[in-house]
Amino acid sequence: MIDTVERARDTPDHQQPYSELGLKSEEYHRIRDILGRRPTSSELAMYSVMWSEHCSYKSSKVHLRQFGDLPRSEVLLVGIGENAGVVDIGDGYAVTFKIESHNHPSYVEPYQGAATGVGGIVRDILTMGARPIAVMDPLRFGPADAPDTQRVLPGVVAGIGGYGNCLGLPNIGGEVVFDDSYLGNPLVNALCVGVMRHEDIRLAKASGPGNQVILFGARTGGDGIGGVSVLASETFAADGPAKRPSVQVGDPFTEKVLIECCLEIFAADLVVGIQDLGGAGLSCATTELSSAGSGGMHVVLDRVPLRDETLAPEEILMSESQERMCAVVTPSDVDRFMQICARWEVTATVIGEVNESGRLTIDWHGERIVDVPPRTVAHGGPVYERPLARPLDLDDLTAGDPGRLPRPSTSEDLQALLLRMAASPNLCDKTWVTEQYDRYVQGNTVLAQPEDAGVLRIDEQTGLGVAVATDGNGRFTRLEPYAGAQLALAEAYRNVATTGARPLAVTNCLNFGSPEDPAVMWQFAEAVRGLADGCRVLGLPVTGGNVSFYNQTGDTAINPTPIIGVLGVMTDVARRTPMAFGTAPDEVLLVLGETRDEFGGSEWAWSEHHHLGGRPPAVDLGRERALAEILVTAAEQGLLSAAHDLSDGGLAQALVECCLRGDVGAEVRLTGDPFVNLFSESAGRVLVALPAQRRARFTELCEAHAVPVAELGTVRPEHATLTVAGQFGVPLGELRAACTGTLPALFGSPGR
Amino acid sequence: MVTFPGSLDDRDAQRAVRLAGGEPVALWHGDADLRGVDAVVLPGGFSYGDYLRCGAIARFAPVMQTVIELAGHGLPVLGICNGFQILCESHLLPGALTRNAHLHFRNRDQRLRIENTSTAWTNAYQPADEIVVPVKNGEGCFVAAPDVLDRLEGEGRVVVRYADGNPNGSVRDIAGICNERGNVVGLMPHPEHAVETLTGPSTDGLGFFASVLTAAVS
């Protein structure tokens, strides 16, 4: 029997399964207050998915406001609240970029979870009117040798590749990090970048009474029903049931065709508003579109094309079937809209009409099953000021000074350490992962992983381009969330500047444990405060982002992991600075910034001693700004032949990577404690290589910005050895074998 | 330049044609008219999602009926990656492309040896030239019956061979082949992604597009 509005009025005491749908008792009663009656089962389905943590940001909203309070940026064309923020990069071009998480689905079903994560973020970017031009994937897994990582990682990587490659989107960067805290809660974040002309920006709103609401793309099926409420907003119970039916299944071919179809529709200027169907499916699209426009909409739900004719209306409203979009089109444009869809063989159906009633009404075979004020569904969800409490173990952690850990004392020990670190899962060569991704398609990839940032050409005539980097350090953030978020911001910012791009804007994906745990909520509040303060100092707007809570199994939360994405602009990508040594004659090496004895949360403490304690490295955002100014100016003036940021694994790792990337040796001379010099993870440092004749000009530039610069050594193309004078020399062949052997040994050698 | 639903490297191949000095013309899978072009490129991608055998559906596209007919009269046709798969499914070239031996998609800069410089697409190279172009595929493992392979080798129809490592398990390191007449060439690696130093590992791929311009003029 269909639960109609009329029936709901007549049966006020009918028991409803709100708690199974993830709603708390007080939330259910709030819905009853709004409607003045009990909700119908369809209405309950819509409220439950839209008021889920994933869609409503109910625990994070009060903190995220700080991003909106940042000074108005003149480059920001569209800010927080739309599907993705849009940034002006000059010459009439606009770029949109955003990160989202697909952590829980990727744990349940790694391939499809990761694949649809890519699909979802790509549709967000497309919805803004942009052509998607690249993706990146910051990933976190449990220990590399854990059996569950063996299950999750290959599936996630294959899913990202399988979907992204088939869409024709180059994968230009990301991270692969292993840590015990992610065992059982891997993080699969996906970033997408898109480009458009200013005049092509599209927004998610249904305005103009009489305008038609068109659902187009894939048919609606039973996949992903309740995904947002059941999956994304609940902690995994250690012995809970498998939740596979809640994971969506992706069809990248349909999405590829949908992208081309949408771009043709945009070019013909045929939409008034557009929204993709992602989390919460039609419930989200219809309520968000109508609350942002004329205020009302009527939908005939039985017109929705189905893959499974047995679906109930509640299921159709909640389904998260992929590759669907919803557009608002004026009646006179409907025919042309339909013609373009037919050319691409995309199913398109008029399912409703915009009105000014202030209500979203939905009929099912002639009966009214939904009658709600759409804003209460889309934006009227509960807002919680969750209790915060500094974690009880934090004092102990901070007191666990890594200074007491044994350090290498001889040259032989140092050399052995360098090789062990370079081979460790977190620092080793990630080719096993990245060669499963297409980095060439579209023909505009100027730099891709393992470079500091991905660099894309936007305009073939002028060379205008963008650089994007993502970073995050869960260990630093665990030790000090405020500083950890700023360190992640500083590193992504530095990485973008290292390639020669001027940082412009920030996006983020905030991965945390349960917001119902005051200790987690404290970490979250501190991290958001740190990020907002950091963006203020760097003068960057936050363009949008995503919050992923409930990343925990039982009582154990992941290390808090804010992933920060920074986008920068480059006026001519031909001037980019790559990381490989050996591309110019007579190269000298310099280190910018100061190296201190800072090992709290470092890769050395973790991989050598399984130690996490002390304080993370100090952050100096003023210094980061000065450093970026130097790097961008030096790139524009063509002073540098290579640059690489110093971060995980310190100077030693940077040297290893730059030598191997260029397949040339280098000789360096250290002053002071060689261990601290090689392995400290002090922030605000960059290693650069440049022809000796340009050294004076570059050093002057550094002095002008008051950034210390130290002579380190020279590139030695004739010697295939990395030499630390007075300490050791390691042949490149030995280094390469150490770096490249780790992942194939763990995840299977794909042969030559 | 034919675009099928799911073609990905079509605009990239157009760029390569332009950089080599040619004029790219966009062709649509559903249109049998080749608009008087002098040569056809079937680009990389996943036509129709490649959910069936790669290229198995694309071969039935209206445009392919004309391509098959004119190829028989000597029209130069280049199939890159998915295009190579379509050429094999169309029986314009022998053999088949199967799942990579290691079962992964693989993208790397690949060294290739040019084995035949008399085709419409390789006449700009010198015999035994070694070039570096990207390879990126999940189903690029070339297979054929032993007698077919012997015939290909005997007639010099192995056009490009993997050098310095075989990325997908292709039999006899075969990266690309041609038909008897040498006007139809298929290869798995992507020469259109090695046309600018800024975005590719080399500019070695330009030779394929320069070759066909010479062939078209003569």
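Modeller: A crossing is left-handed if the near helix is turned anticlockwise from the far one by less than a right angle, and right-handed if clockwise. This is a predicted model, where local features need pLDDT of at least 70 and side-chain atom pairs 80 or more, while totals for chains, interfaces and linings use all residues. Residues are numbered from 1 along each chain as its sequence is written, with chains lettered from A and ligands numbered from 1 in written order.

Biologist: How are H10(A) and H13(A) oriented to each other?

Modeller: The axes (lines fitted to C-alpha atoms over the stretch in contact, angles 0 to 180 degrees between N-to-C directions) of H10(A) and H13(A), residues 334-343, come within 9 Å and cross at roughly 150 degrees. Angles over 145 degrees count as roughly antiparallel. H10(A) and H13(A) are therefore roughly antiparallel.

Biologist: Is the crossing of H10(A) and H13(A) left-handed or right-handed?

Modeller: The contact (C-beta atoms, placed from the backbone, within 7 Å) is made by A:Cys261, A:Glu264 and A:Ile265 of H10(A) with A:Phe337, A:Ile340 and A:Cys341 of H13(A). The crossing of these two helices is right-handed.

Biologist: Which element gives the most to the side of chain A that touches chain B?

Modeller: The contact takes 28 residues from chain A and 26 residues from chain B. With four residues, the element that gives the most is H10(A).

Conventions: Two residues are in contact if their C-beta atoms, placed from the backbone, lie within 7 Å. Angles under 35 degrees count as roughly parallel, over 145 as roughly antiparallel, 65 to 115 as roughly perpendicular and the rest as oblique.
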